[in-house]
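Student: I have a model to go through. Can we take the terms one by one?

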Amino acid sequence: MDLLLTLGLIYLAYRGYRWYAGLQQQVQAGPDNDPNRVDPQQRREDDYIDYEEVE
């Protein structure tokens, strides 16, 4: 029983390491250059949707 628990913990540690290493690669790659995404610092004052209030 201890052998199964040990193997299970080793497997979970391996999976966690692989997940973390993949996450680090994504973070180090930097942001993607999505042309549809608006940079918050490039917004203008008139860059909003006007709406009417309904009573």
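Student: Why is Tyr11 called partly exposed?

Tutor: Its relative accessibility is 47%. Buried means under 20% relative accessible area and exposed over 50%, with partly exposed in between (1.4 Å probe, protein chains only). Tyr11 therefore counts as partly exposed. This is a predicted model, where local features need pLDDT of at least 70, side-chain atom pairs count only at pLDDT 80 or more, and totals for chains, interfaces and linings use all residues. Residues are numbered from 1 along each chain as its sequence is written, and side-chain values use heavy atoms, without hydrogens and water.

Student: Where is Tyr11 placed?

Tutor: Tyr11 sits in helix α1. Helices are DSSP runs of H or I with at least four residues, numbered from the N terminus. α1 covers residues 2–29, which is 28 residues.

Student: What span does α1 reach from its first C-alpha to its last?

Tutor: 41 Å, close to the 40 Å expected. The expected span is 1.5 Å times one less than the number of residues.

Student: What follows just after α1?

Tutor: Gly30, with a positive phi of about 90 degrees.

Conventions. Helices (H or I, at least four residues) and strands (E, at least two) are DSSP runs, numbered from the N terminus.
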